[in-house]
Amino acid sequence: MAVDLHTHSFFSDGSASPTDVVRAAFEAGLTAVALTDHDTLEGVPEACEAADQAGMELVPGAEISCEWAPGAMHLVILFLDAGPGPLQSELVDLQRGRDARNHAIVERLHDLGIDITYEEVARQAGMGVVGRPHFAAVLVRKGIVDDINSAFRELLADGKPAYVSRKRLSPEDAIGLAKASGAVSILAHPKTLGHDTADEFARTFRWLRSIGLVGLEAYCTEYPPDERLELASVARSHGLIPSGGSDYHGSYRPGVRVGQGHGDLRVPAELLEELRAARETS
């Protein structure tokens, strides 16, 4: 049996509804799926209802971007219930920071001579939190760039003309708030850290483990099968539980399917049980 512990809906930067994410997980034969939208739990109630109807488990969660250089550090937080809590309250503030950043991106694009309004980007996002993929989709629709990847490569990625930074939590704060909220923290797609050597990765993994990190994503869509197995072994060597998922974003990430990635992804269901046990004993 298999699970998917990293997906996104249109409540952040995916194109599918929470119900559609759950339906795709059910059709893929999964026993559980985690909804991990960026900085928000707004899609969790709908996803829970859909999972109940499908007779499968919905793991509530969120993905958080942390302060980190020279690369990027993202944490997937699992078992984070929608409702009051220390990290839940912080997510509200992070969403305000996203909103301010999005308005600043509009101004940057105006400065570049690109006619775009916040309102049309918000319409693209629908009910969800506005993010850079929604800007990218509008830029594609207007014919300013060829595709989503080009929008990031030419305008929206870090270091490009329309990029604007936003508030981020430190890894210590994010992991601490997650633990205080009864959740577990997992380092997502670790190759984005910006490290070049195995020693650099090892030092970071040891440090994160020392401040409360529970898991490490080894089963990632973009990693080939042999690399996934190697990362799973590395995780174990540092006392971390291997985790993973498709990082599904719907049409904003073409070719990636819930539970299957590009077709060869399988996240063993027993890993979810290990993560659940770690939550109960932490």
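Biologist: Into how many nonpolar, polar and charged residues does the lining of the largest cavity divide?
Modeller: The model is a predicted one. The largest cavity is lined by H6, H189, E217, C220, T221, E222, G245, S246 and D247. By class, that lining divides into 1 nonpolar, 5 polar and 3 charged.

Biologist: What volume does the largest cavity have?
Modeller: The structure holds 1 cavity of 30 Å³ or more. The volume of the largest cavity is about 30 Å³.

Biologist: Which residues lie closest to the centre of the largest pocket?
Modeller: The largest pocket has a volume of about 1,100 Å³, and 32 residues line it. Strand 3 (57-66), strand 4 (73-78), helix 3, helix 5 (132-141) and helix 6 (148-156) each give two or more residues to this lining. By class, the lining has 11 nonpolar, 10 polar and 11 charged residues. Closest to the centre are D13, H38, H74, R132 and F152.

Biologist: Which elements give two or more residues to the lining of the second largest pocket?
Modeller: The second largest pocket has a volume of about 250 Å³. Its lining residues include P190, K191, F201, F205, E227 and V234, and the lining divides into 7 nonpolar, 1 polar and 4 charged. The elements that give two or more residues are helix 8 (198-210) and helix 9.

Biologist: Which strands stand at the edges of the open sheet?
Modeller: The open sheet has 8 strands with mixed pairing, in the order 7-6-5-4-3-2-1-8.

Biologist: At what angle does the direction of helix 9 stand to that of strand 6?
Modeller: Helix 9 (residues 225-237) packs on the sheet, where it touches strand 6 (215-220) and strand 7. With the direction of strand 6, that of helix 9 makes about 170°.

Biologist: How is helix 3 oriented to helix 7?
Modeller: Helix 3 (residues 86-111) and helix 7 (residues 171-180) pack with their axes 7 Å apart, at an angle of about 130°. P86, L87 and E90 of helix 3 make the contact with L177, A178 and A180 of helix 7, giving 5 nonpolar, no polar and 1 charged residues. Because of that angle, helix 3 is, relative to helix 7, oblique.

How values were computed
Residues numbered from 1 in each chain as written. Predicted model: local features only at pLDDT ≥ 70, side-chain atom pairs only at ≥ 80, totals over all residues. Heavy atoms only, no water. 1 Å grid on protein atoms, 1.4 Å probe; cavity = no way out; pocket = protein on both sides within 12 Å on 5 of 7 lines; lining within 4 Å. Points joined across faces, edges and corners; volume = space filled by probe spheres on them. Nonpolar A, V, L, I, M, F, W, Y, C, P; charged D, E, K, R; others polar. Axes fitted to C-alpha atoms, helices over the stretch in contact; angles between N-to-C directions. Helix = DSSP H or I, 4+ residues; strand = E, 2+ residues; numbered from the N terminus. Parallel < 35°, antiparallel > 145°, perpendicular 65-115°, else oblique. Contact = heavy atoms within 4.5 Å. Pairing = 2+ DSSP bridges.
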